[in-house]
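Subject: Handover of a structure and the findings on it

Dear colleague,

I am handing over to you the structure shown below.

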Amino acid sequence: MYDKGAARGVYIHWSSCFAEFWLVLECTMAKNNSLHPNSNGETDDSPNMLVYRKMEDVIARMQDEKNGIPIRTVKSFLSKIPSVFSGSDIVQWLLKNLCIEDQVEALHLGTLMAAHGYFFPISDHVLTLKDDGTFYRFQTPYFWPSNCWEPENTDYAVYLCKRTMQNKARLELADYEAESLARLQRAFARKWEFIFMQAEAQAKVDKKRDKIERKILDSQERAFWDVHRPVPGCVNTTEVDIKKSSRMKNPQKTRKSVYGLQNDIRSHSPTHTPAPEAKQPTEEELQEQIKFWQAQLDRHRLKMSKVAESLLSYTEQYSDYDPFLCTPDPSNPWISDDTTFWEMEASKEPGQTRVRRWGFGINEVLKDPVGREQFLKFLESEFSSENLRFWLAVQELKKRPIREVPTRVQEIWEEFLASGAPSAINVDSKSYDKTTQNIKDPGRYAFQDAQEHIYKLMKSDSYSRFIRSSAYQELLQAKKKKSKNLF
Amino acid sequence: MLMVEMCHVTFASTSEHHQLCRLEYRSRLIIKSTFIDISVIRLCFVKMACQGLAKGETIHTLKAESETLKGKLEEERAKLHDVELHQVAEKIEALGQFVMKTRRTLKGHGNKVLCMDWCRDKRRIVSSSQDGKVIVWDAYTTNKEHAVTMPCTWVMACAYAPSGCAVACGGLDNKCSVYPLSLDKNENLAAKKKSVAMHTNYLSSCSFTNSDMQILTSSGDGTCALWDVESGQLLQSFHGHSADVLSLNLAPSETGNTFVSGGCDKKANVWDMRSGQNVQSFETHESDINSVKYYPSGDAFATGSDDATCRLYDLRADREVAIYSKESIIFGASSVDFSLSGRLLFAGYNDYTINVWDVLKGTRVAILFGHENRVSTVRVSPDGTAFCSGSWDNTLRIWA
């Protein structure tokens with residue numbers, strides 16, 4: 001037996017008559033163990049399928065003889081209710097087997113599985129889970145959503161019509177169903193005879209079935225329609241995200257006819273375009289990929305322990321500022337309906353906590369408009385504000401519409417870098433040369449190198465002086481805040 | 001005799017020449033009496049002309065080389081994996097019980113809410129819906145302030161301009177348009193619309209940079225692009241995803257020029273905005289990445305995926321550093337965002353819930369019920385005082 005795991009590539013040279021051809025076999029294994037290949041060996045990894053398979057795994061476990069939910073036949077008045085289990089059975093099973101701690105969560109997951117039609121309440125169109133003695137039944141795999149059902153209205157018409165022929169109280173149409181039937185009768189007026197005949201034929205076949213079997217099949221069929229034609233007001237779980245629906249891998253798999261009314265295997269749903277053939281990468285693309293991987297290999301990486309410490313310390317530093325961790329002072333406007341917190345932030349006078357934050361790093365000062373203002377004021381008092389002004393000017397440049405860029409570049413050059421510039425800044429010769437080149441063809445990034453150099457200078461020099469300055473220290477002491485209420 | 005059964009056609013070895021280009025078939029290969037069952041087999045029939053053969057070989061060797069390098073990269077990344085994040089996080093205090101409730105419910109959309117964004121004033125939001133409407137709300141008072149009807153349905157992306165004076169939106173129209181917000185409520189906003197971005201497939205996400213003048217977009221056509229709003233000029237395009245790009249997020253740096261994108265190719269890519277180059281790439285998810293968001297320091301980012309997990313990737317460690325998942329969570333995560341300090345990750349799911357994760361310890365600290373259909377978007381307000389969720393149940397909720 002061929003070892004699947006070992007397969008990588010197999011070359012087979014055809015003999016004699018096929019001598020002209022090289023047969024190259026690439027055996028690619030299913031990359032992901034959680035995807036189930038279907039009978040063709042095809043793995044369908046569209047997002048909806050992924051969820052269906054997971055739910056089906058849970059259903060399989062629920063149906064397990066030893067560890068699953070006990071299914072029983074219940075005697076009721078003059079008849080028997082076959083093949084049922086209670087809502088609380090389901091909730092208990094979920095709590096125990098899926099490591100769910102909370103009954104509410106188990107109920108929610110169970111409701112979703114019911115809404116997708118994997119099990120259903122036997123006496124209700126609304127597919128929801130109740131944590132009580134309400135009876136539920138499993139859906140037959142034929143009707144599972146993973147079979148890509150998209151039943152047409154003609155089938156629904158046949159179904160509703162059939163129901164009216166069966167003269168049983170329990171099969172009476174609900175109001176919304178009667179309305180649907182009336183609507184469909186109008187829409188399909190011309191082929192109603194055909195629909196009626198189909199319904200009759202179905203009803204005849206159904207009558208011949210065993211009573212118990214009929215009960216089960218009827219309920220399963222009803223549950224199927226409850227999924228695809230839900231009660232008004234209920235969520236239609238068959239709705240798809242349009243971004244994903246256009247990627248249906250296999251339009252041939254879509255099943256449109258429950259009762260075999262059409263040749264559904266070949267019909268294409270109008271919203272599904274056949275998935276384009278996966279593009280084979282070209283030689284250039286592969287060369288690019290190789291270059292990319294090589295560059296990545298050369299990258300300098302940090303050890304996980306270092307990175308973890310860094311993440312921890314950042315979070316620690318900012319936790320006082322995180323309204324979800326530490327109640328804002330005086331209150332969170334959304335909770336208290338009091339906007340004082342926002343008004344204080346908007347005022348030109350920064351509070352102590354805000355000023356403290358500027359000390360975390362130069363980015364905090366640059367990010368906060370009041371911080372920038374204070375920083376600039378301090379530097380101006382020292383007659384050394386040209387670096388910050390240059391940095392701010394370049395940031396501003398990047399925000400301009402492209403049309404204004406060449407003029408602005410020239411202005412910045414004249415002000416800060418040209419010989420005899422009024423606010424001359426000091427950049428290293430390498431950056432200076434590069435910038436001189438750049439301004440010949442001025443773009444938004446003309447001053448990128450110079451700006452990076454200036455940023456480093458500010459970080460190590462101007463910024464540290466600012467934080468140590470009496471101006472900053474005064475702001476820090478300015479308002480004594482009452483202690484925060486920790487949550 | 002070698003027989004290959006492809007679909008329903010059996011090629012026996014005859015002297016017939018079959019001139020076939022590269023084809024893909026699923027098949028059973030029968031070699032003599034050994035039955036080989038292989039899940040996917042790609043068969044290439046190439047006419048044995050010298051160039052043809054050479055080309056086939058070159059592509060094949062290049063592919064092999066690429067795969068080898070990729071494997072080596074994974075090895076290198078794994079070497080520095082000396083400890084798990086949650087192990088290091090054992091020394092910090094566990095978070096207490098959270099009381100997070102819906103503080104505001106915004107009703108008004110006629111169909112699924114697909115996207116929302118906060119204004120920098122911390123209380124206004126813009127939201128877009130499948131019904132083609134884009135609404136600007138004062139979320140604090142729940143009043144609607146502006147409404148625009150787009151010419152297309154499924155408006156999947158919307159963004160607030162930094163100045164608060166405009167909004168951008170787009171979706172199935174393959175475009176991103178900017179609408180200036182007028183103070184005059186009666187003015188027809190649609191009249192002043194400006195078409196900025198043009199893609200060849202749906203617009204999945206859009207974001208202003210630090211300025212009203214540039215917009216970054218991602219699209220179902222597999223690319224991201226940076227546009228000049230005033231002229232509509234394409235400033236830079238970003239190629240590298242091999243499938244639809246679903247989400248993007250700009251790095252929260254004053255100095256940086258990078259952003260991260262995630263897509264249906266299960267990859268999260270980090271890009272240099274200036275050069276258009278893909279500077280880092282991560283591929284560990286098992287399905288589409290629906291949402292990407294930077295950790296507030298800019299050194300890491302989180303993703304939400306259809307594989308029902310959220311993951312944290314660190315740029316310095318160059319690898320995935322945490323997975324947020326539970327056996328009972330089987331529906332995809334559609335949208336993620338961090339609290340201000342980065343300690344909490346809010347994730348909206350297709351099972352109608354929002355799960356709140358402790359980013360460092362990797363545990364779930366709360367599960368929020370309330371929405372009656374899929375949660376499509378989750379965003380924390382600019383000052384971190386609340387987060388907003390939008391859902392297929394047509395409503396938006398503010399939580400705090």
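A residue is called buried here when its relative accessible area is under 20%. By that criterion, 46% of the 487 residues of chain A are buried. Please bear in mind throughout that this is a predicted model.

Chain A overall

Chain A contains 21 helices and six strands. Its domain assignment lists domain 1, covering 47-228, and domain 2, covering 348-485. The centres of domain 1 and domain 2 of chain A, taken over C-alpha atoms, lie 67 Å apart. As for contacts in chain A between residues at least 6 apart in sequence, 60% of them link residues at least 24 apart.

Helix 7 of chain A, residues 211-228, includes A:Asp226. A:Asp226 counts as buried because its relative accessibility is 5%, under the 20% limit. Leaving aside residues up to four places away in sequence, A:Asp226 is in contact with A:Asp124, A:His125, A:Leu127 and A:Tyr176.

Helix 15 (residues 369-381) and helix 16 (residues 386-399) of chain A have axes that come within 9 Å of each other and cross at roughly 145°. On the side of helix 15 of chain A, the contact involves A:Arg372, A:Phe375, A:Leu376 and A:Leu379, which meet A:Leu388, A:Arg389 and A:Leu392 of helix 16 of chain A. Sorted by class, this contact between helix 15 and helix 16 of chain A has five nonpolar residues, two charged ones and no polar ones.

In strand 34 of chain B (residues 395-399), five of five residues are buried. B:Thr395, B:Arg397 and B:Trp399 point one way from the strand, while B:Leu396 and B:Ile398 point the other way.

Strand 7 of chain B (residues 102-107) is joined to strand 34 of chain B by five bridges, and the two run antiparallel. Strand 33 of chain B (residues 387-391) is likewise antiparallel to strand 34 of chain B, with four bridges between them. B:Arg397 is the bridge partner of B:Thr105 and also of B:Ser389. Strands 33 and 34 of chain B form a hairpin with three residues between them, and B:Asn394 in the turn has a positive phi of about 75°.

An open sheet in chain B

Four strands of chain B make up an open, antiparallel sheet in the order 12-13-14-15. Strand 12 (157-160) and strand 15 (194-198) of chain B each have a single partner strand, so one side of each has no neighbour in the sheet. On average, neighbouring strands of this sheet are turned by 20° against each other, direction ignored. Strand 14 of chain B (residues 175-180) is joined to strand 15 of chain B by four bridges, and B:Val178 has B:Lys194 as its bridge partner there.

Yours sincerely

Terms used
Residues are numbered from 1 along each chain as its sequence is written. Chains are lettered from A and ligands numbered from 1 in the order in which they are written. This is a predicted model: local features need pLDDT of at least 70, side-chain atom pairs count only at pLDDT 80 or more; totals for chains, interfaces and linings use all residues. Side-chain values use heavy atoms; hydrogens and water are left out. Buried means under 20% relative accessible area, exposed over 50%, partly exposed in between (1.4 Å probe, protein chains only). Contact means heavy atoms within 4.5 Å. Two strands pair if DSSP finds at least two bridges between them. Axes are lines fitted to C-alpha atoms, for helices over the stretch in contact, and angles run from 0 to 180 degrees between N-to-C directions. Domain bounds come from an automatic or database domain assignment. Ala, Val, Leu, Ile, Met, Phe, Trp, Tyr, Cys and Pro count as nonpolar, Asp, Glu, Lys and Arg as charged, and the others, Gly among them, as polar.
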